[in-house]
Amino acid sequence: MTHWQNRWAAWQSGRSHAATGFVSHPEPRSIGLFARGKQLMAGNFLLAGHLVESPGTLLWDLPTSAPEFWLEAHGFAWLDDMAAVGDPIARARAQEWIWAWIARYGRGKGPGWTPDLTGRRLIRWINHAIFLMNGRSSADTQRYFRALSAQTMFLSRRWHASAPGLPRFEALTGLIYAGLALTGMERLVTPAIAALARECEAEIDAHGGLPTRSPEELLEVFTLLTWAAQALGQADQTVPQAHRAAIARIAPTLRSLRHSDGALARFHGGGRGMDGRLDHALAASGVKAAPGNGPAMGFLRLGAGRTSVIIDAADPPGGHAGASAHASTLAFEMTSGRRPVIVNCGSGKPFGIEWHRAGRATPSHSTLSLDGYSSSRLNRGTPEILADRAHVTQTRPTETAEGHALRLAHDGWVGTHGLTHSRLLLLSHDGRQLGGQDELTAATPENRARLAAAITRKGGGEVRFTLRFHLHPDVDAAIDMGGNAVSLALKSGEIWIFRHSGSRGLSVEPSVYLEKGRLMPRAAKQIVLSGQVAEFDAVIGWTLAKAQDTPLAIRDLERDDTVYSI
């Protein structure tokens with residue numbers, strides 16, 4: 001059968017086997033934002049980074065052709081925001097848009113008939129059923145249940161066509177939700193439970209991570225698995241061991257990926273996560289496991305006092321999982337209390353193709369970049385020249401007299417320049433100082449020959465590098481008198497001082513902060529250190545310390561005879 005024939009068959013089957021009601025009253029679990037709901041009611045439709053201002057216009061008649069906008073609209077996650085407002089006006093507007101969707105798209109037409117969007121939509125329609133059905137006629141109620149039934153039957157036939165990962169978890173969770181909630185759909189639950197358990201075993205690795213290595217995507221999957229487990233428990237259904245084990249593996253990983261302000265680290269296309277979403281999901285899971293000391297989905301965490309540092313310490317994702325991968329190898333983020341300080345630019349996907357490409361590039365991350373070359377080959381490229389796919393070597397965080405230390409290295413530029421990038425990070429025991437040392441080295445005769453060849457290709461010019469520290473937009477940065485340090489003022493009143501050695505140039509330059517839910521990238525700043533490889537190596541030391549603290553001495557853990565005092 002063709003794709004459209006499948007849709008038509010699902011609609012016809014939904015008509016002939018339409019549910020007549022709910023087995024039990026569904027309990028809303030998805031959380032919306034009151035402010036977004038008020039914006040929608042005022043006619044300001046901000047979906048997938050596209051704003052359409054059209055008060056009084058039916059959602060499905062809005063004057064935009066942006067495909068991302070319509071995909072988000074058909075997923076109905078905005079219904080959480082309308083329900084968060086919850087007043088009669090919000091209910092009437094949501095009901096108008098729901099029944100207009102049924103009339104226009106309920107027979108299987110339109111961009112919303114994909115397994116993942118159908119699963120997402122079913123969850124919202126079931127979660128907010130009482131909110132939606134209040135005051136509707138008997139005929140409207142029948143149309144509502146026929147539409148639910150058609151979508152459920154479509155999912156039962158087409159969930160396997162969804163892409164592995166988050167899309168398939170959305171499709172199967174939606175199918176389980178609908179099978180448990182709707183009368184006459186019970187027979188669909190058992191195979192969906194088994195399929196979800198198989199996906200848990202296939203996609204969630206032994207350490208609670210996803211192949212995409214996106215922290216926010218991991219949170220979305222974790223939330224879906226928790227919702228499905230809660231729904232099964234309330235229906236007195238057994239949650240498979242593979243399902244429960246996946247939740248237990250993911251929870252400590254998410255705790256390791258959480259900064260001191262409660263937000264997720266922003267890597268590989270993921271954002272900070274909706275405020276409160278992570279804490280709510282962890283509480284709902286019932287898993288109390290603390291974050292581990294080792295790698296969490298390829299990231300390592302240093303934490304002390306009120307400071308958290310999260311580092312990309314693994315190879316970038318490859319294969320189908322690498323579609324949104326970033327060249328962020330050895331990049332880090334740092335948060336002080338409730339205030340992000342050092343960040344990565346983030347995902348530019350909501351702002352178009354060019355921003356998407358730029359956000360994935362090495363210079364958009366707080367790490368070292370070399371001469372316009374990407375730190376790692378990505379399967380869809382970046383604006384930089386491609387290097388080899390980086391391989392990372394790492395040590396677990398260790399305790400020293402100075403604090404919590406971590407050394408990492410990657411070989412992404414060995415093939416093009418013969419250079420290995422090593423990074424040492426040291427967080428003091430009280431969390432008031434973070435020191436670093438970045439080194440480029442051509443250690444073997446073969447690699448020195450490659451470096452010489454790279455210099456020859458440049459006509460004898462220098463191999464230049466840049467070390468970037470992207471700052472959160474709320475950080476006010478200014479170079480101190482003398483040009484040797486940068487003062488960072490946080491909204492909390494804290495002052496951090498950045499110092500360096502081994503670099504020929506220090507500057508504060510424009511940057512951007514790419515954030516989902518906004519119309520445009522936010523203006524920000526970045527600290528930039530620049531230099532060139534002399535002979536066969538280059539070393540830069542740097543520190544970030546709270547004002548009035550003594551600058552930290554950075555000792556090379558592999559060459560104990562070398563101390564870089566900043």
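**Entry 1: the whole chain**

I take accessible areas from the Shrake-Rupley method with a 1.4 Å probe, and for residues only the protein chains shown count as cover. On that basis the protein chain exposes about 22,300 Å², and carbon and sulfur atoms supply 52% of this area. I note that the model is predicted, that local features need pLDDT of at least 70 and side-chain atom pairs pLDDT 80 or more, while totals for chains, interfaces and linings use all residues. I number residues from 1 along each chain as its sequence is written, and side-chain values use heavy atoms, with hydrogens and water left out.

I looked up the secondary structure and found 16 helices and 21 strands in the protein chain. These are DSSP runs numbered from the N terminus, helices being H or I with at least four residues and strands being E with at least two.

I then looked up the overall dimensions. The C-alpha trace spans about 80 × 45 × 45 Å along its principal axes. The radius of gyration of the protein chain is 26 Å, which agrees with the value near 24 Å that a compact globule of 566 residues would have. The radius is taken over C-alpha atoms, and the globule rule is 2.2 Å times the number of residues to the power 0.38.

Of the 566 residues, 58% are buried. I use buried for under 20% relative accessible area, exposed for over 50% and partly exposed for in between (1.4 Å probe, protein chains only). Among contacts with a separation of 6 or more, 69% join residues 24 or more positions apart; contact means heavy atoms within 4.5 Å.

For charge I found 60 positive and 52 negative, with mean positions 7 Å apart. Lys and Arg count as positive, Asp and Glu as negative, and His and the chain ends are not counted. Each charge is placed at NZ of Lys, CZ of Arg, CG of Asp or CD of Glu.

**Entry 2: helix 2**

Which residues of helix 2 are buried? In this helix, residues 34-41, I list G37, L40 and M41. Seen down the axis, they fall within an arc of 100°, so they line one face of helix 2. The arc is that of the directions from the helix axis to the C-beta atoms. An α-helix has 3.6 residues a turn, so residues three or four places apart point the same way.

The cover over the buried residues of helix 2 includes strand 1 (44-47), helix 4 (78-85) and helix 5 (88-105). F34 is also in helix 2, but it counts as partly exposed at 48% relative accessibility. Leaving out residues up to four places away in sequence, F34 touches A84 and V85. Its C-alpha lies 7.4 Å from that of M82, 48 residues apart along the chain. Just after helix 2, G43 has a positive phi of about 90°.

In helix 13, residues 277-285, the buried residues are R277, L278, A281, L282 and S285. They fall within an arc of 125° seen down the axis, so they too line one face of the helix. Helix 11 and helix 12 are among what covers them.

I checked L264 in the loop between helix 12 and helix 13. L264 counts as buried at 1% relative accessibility. Beyond its neighbours within four places in sequence, L264 has contacts that include P215, L219, L254 and L278.

S214 sits in the loop between helix 10 (189-203) and helix 11 (215-234) and counts as buried at 4% relative accessibility. Not counting residues up to four places away, S214 touches F267, H268, G269, G270 and M297.

S256 belongs to helix 12 (residues 241-256) and counts as buried at 6% relative accessibility. From S256 to G435 I read 21 Å, C-alpha to C-alpha, at 179 residues apart in sequence.

F76 has phi near 65° and is not a glycine. It lies in the loop between helix 3 (67-75) and helix 4. Is F76 buried or exposed? F76 is buried, with a relative accessible area of 0%.

D236 has a positive phi of about 60° and lies in the loop between helix 11 and helix 12. D236 counts as exposed at 70% relative accessibility.
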